[in-house]
Structures are given as C-alpha cells and as structure tokens.
Amino acid sequence: MSPKQVRVRLYGALNDFLPPERRGAEFVHTFAGTPSVKDLLESLGPPHPEVDVILVDGEAVDFSHRVEDGTRVAAYPAFHTLDVTPVTRVGLELPAEPRFALDVGLGRLSGFLRMLGFDTLWRNDFEDDVLARLSGDEERVVLTRDLGLLKRAEVRHGYYPRNTDPAHQLVEVVRRYQLTSRMRPFTRCLACNASLEVAGRDEVLDRIPEGVAATHSRFQQCPECRRVYWPGTHHQRMQSLVDKLRELEHEA
C-alpha cells in the first residue's frame with residue numbers, strides 16, 4: 001500500500017514547535033492509517049492546547065476529524081486581533097477567573113502569577129498525572145515546558161513558555177491569556193496561594209522586624225501560613241513589574 005500524504009501549514013506561534021526548515025511554509029507530511037487531526041498535529045510538534053482553529057481543505061473541523069490522503073491541513077493558534085467567532089474553534093474559552101497549575105520547573109513563575117492575584121498551584125513534587133487531572137477537573141491552565149504533559153488528553157488549557165527566564169515567561173503568559181485587566185496585584189500569598197487579609201500593626205507585631213513596625217502602618221497577612229506583607233523595597237520592585245505588564249494592554 002502506497003504511503004498517504006497531507007499538505008500542512010502551521011501559522012503564528014505554532015511554528016515554534018517545528019524544525020526550522022518547516023516553519024512559515026507549507027510542507028508535505030507522510031502518514032499511515034486514519035489518524036485524527038489532533039493526533040496528526042501533535043505528532044508534528046504542537047500540543048493541542050495551543051491550537052485554536054483547524055482548517056481541512058478550507059473547512060473548519062474539530063480535533064476528532066479523520067485525516068485523509070491528499071488533503072490540506074492548516075492550523076492556527078489563538079489570535080486576539082482577529083475575530084474568528086463564526087469559525088468552529090477547537091480552543092476552549094478561558095474561565096472568567098483564570099486559575100493555573102504549574103509544573104515543578106516553574107516555581108518562580110508561580111510566585112509572579114500569585115503576585116498578580118491569580119490562583120496558582122505549584123509544588124516541587126507535582127506529578128504529571130496530578131497536573132493533568134487539575135486541568136480537567138478544575139479547568140486550570142497547565143503551564144509547563146514538558147510537551148508530553150501538554151499533549152495528555154485531560155489537559156484542557158495549557159501553554160508552553162518559550163523563554164527560560166521567569167520574568168519573560170510571565171510576560172508571555174499575560175499576553176497569551178490577556179490577563180492585564182484581570183490582575184489583582186498583591187492579594188495572594190506568594191508562599192501558599194491563599195487570599196491575603198488586611199491586618200493592623202498590633203495583629204502582626206510579633207511577626208515583623210522592629211524597624212518595620214516603627215515605619216509602616218499598612219499590613220496584610222496570610223490566614224493560612226501567617227506570613228506578613230508590607231509595602232517595602234521588594235514591594236516597590238514588584239509594583240514596577242506590574243506597571244510594565246499593564247502597558248501590554250496598550251500595546252495590543
């Protein structure tokens with residue numbers, strides 16, 4: 001039996017998952033059997049959570065569509081500047097209040113997301129099975145640099161940060177999910193993810209340095225781990241990062 005072939009063209013950020021010679025151009029892919037278009041695309045590199053629209057011979061299809069010999073497949077990531085409402089989308093809408101679950105290698109990114117006020121789960125011993133289940137059961141966005149994890153069927157929302165620097169990863173995630181207007185900075189504990197509560201100086205006096213007690217009057221405390229926060233130098237640096245992220249909204 002002669003091999004089957006399909007012409008493929010990936011657009012935008014999906015090209016990041018292709019070898020250089022295939023990026024930004026149509027290429028021919030040889031395959032066997034009758035794979036779903038989801039399986040075919042993931043065999044080429046892109047994980048399904050990063051795909052938003054798939055066209056087969058110009059018609060929008062879902063992930064279950066079976067690929068036939070001689071057809072043309074085009075796949076697109078989420079484009080925020082284009083209105084694709086009338087088109088069948090395979091990408092799922094993000095919940096009104098996005099929540100995240102991060103793999104073990106993204107601890108610093110988890111702290112940044114908590115700083116912005118997002119419910120973010122991270123542990124240094126998270127197993128892939130647990131992260132996939134959190135995505136499916138709680139509609140959490142899985143952030144990971146493990147493509148195998150993102151390709152698990154249970155993962156509904158997910159993103160592969162391209163950069164290895166946590167601050168740059170944060171910019172990527174904010175842009176990808178248009179989080180600027182949803183940020184609620186300094187409302188979550190950086191250590192344990194709980195929502196912070198306003199506290200008076202007398203309530204936290206035994207948990208702050210003497211010099212801080214003398215120079216500050218505004219405090220927040222975590223009801224879970226009892227950590228205390230105040231607007232010190234570290235807070236000012238974080239506020240500067242928040243201000244830069246808010247500028248992204250005007251760049252879009």
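# Legends to close-up views of the predicted model

**View 1. Strands S6 and S8 in the predicted model.** Ala 101 has Val 142 as its bridge partner in strand S8. This pair belongs to the contact between S6 and S8, two strands that pair in the parallel sense over three bridges. The model is a predicted one. S6 covers residues 99-102, and S8 covers residues 141-143.

**View 2. The four-stranded sheet that holds S6 and S8.** The strands of this open sheet follow the order S7-S6-S8-S9, and their pairing is parallel. At the edges stand S7 (119-122) and S9 (157-159); each has a single partner strand, so one side of each has no neighbour in the sheet. On average, neighbouring strands here are turned by 25 degrees against each other, direction ignored. S8 is joined to S9 by three bridges, and the two strands run parallel. One of the residue pairs here is formed by Val 141 and its bridge partner in S9, His 157.

View 3. S6 and S7 run parallel and are joined by four bridges. Within this pairing, Leu 102 has Trp 122 of S7 as its bridge partner.

**View 4. Helix H3 on the four-stranded sheet.** Which residues of H3 are buried? They are Leu 131, Ala 132, Leu 134 and Ser 135. These residues lie on the same side of H3, because the arc they cover around the axis is only 155 degrees. The elements they pack against are S6, S7, S8, S9 and helix H4 (147-150). After H3 comes Glu 139, with a positive phi near 55 degrees.

**View 5. Strands S3 and S4 and the loop between them.** S3 (residues 53-56) pairs with S4 in the antiparallel sense, over three bridges. Val 56 stands opposite Glu 59 of S4. The loop between S3 and S4 contains Asp 57. Asp 57 is not a glycine, yet its phi is positive, at about 50 degrees. Is Asp 57 buried or partly exposed? Its relative accessibility is 49%, so Asp 57 counts as partly exposed.

View 6. Leu 14 sits in the loop between strand S1 (4-10) and strand S2 (27-31). Leu 14 counts as buried because its relative accessibility is 0%, and the limit for buried residues is under 20%. What does Leu 14 touch, leaving aside its neighbours within four places in sequence? Its contacts are Pro 46, Glu 50, Val 51, Ala 75, Tyr 76 and Pro 77. Ser 181 is 167 residues from Leu 14 along the chain, and the C-alpha atoms of the two are separated by 26 Å.

View 7. Gln 178 is found between helix H5 (166-176) and strand S10 (197-199), in the loop that links them. Its phi is positive, near 50 degrees, and Gln 178 is a residue other than glycine. With a relative accessibility of 43%, Gln 178 counts as partly exposed.

**View 8. The chain as a whole, for orientation.** Eight helices and twelve strands make up the secondary structure of the chain. The C-alpha trace spans about 80 × 35 × 30 Å along its principal axes. Of the 252 residues in the chain, 44% are buried. Among contacts in the chain with a separation of 6 or more, 59% are between residues 24 or more positions apart. The chain exposes about 13300 Å², and carbon and sulfur atoms supply 48% of that area.

Key: Residues numbered from 1 in each chain as written. Predicted model: local features only at pLDDT ≥ 70, side-chain atom pairs only at ≥ 80, totals over all residues. Heavy atoms only, no water. Pairing = 2+ DSSP bridges. Axes fitted to C-alpha atoms, helices over the stretch in contact; angles between N-to-C directions. Contact = heavy atoms within 4.5 Å. Buried < 20%, exposed > 50% of the residue type's maximum accessible area, 1.4 Å probe, protein only. Arc of directions from axis to C-beta. Areas by Shrake-Rupley, 256 points an atom, 1.4 Å probe, with all protein chains shown as cover.
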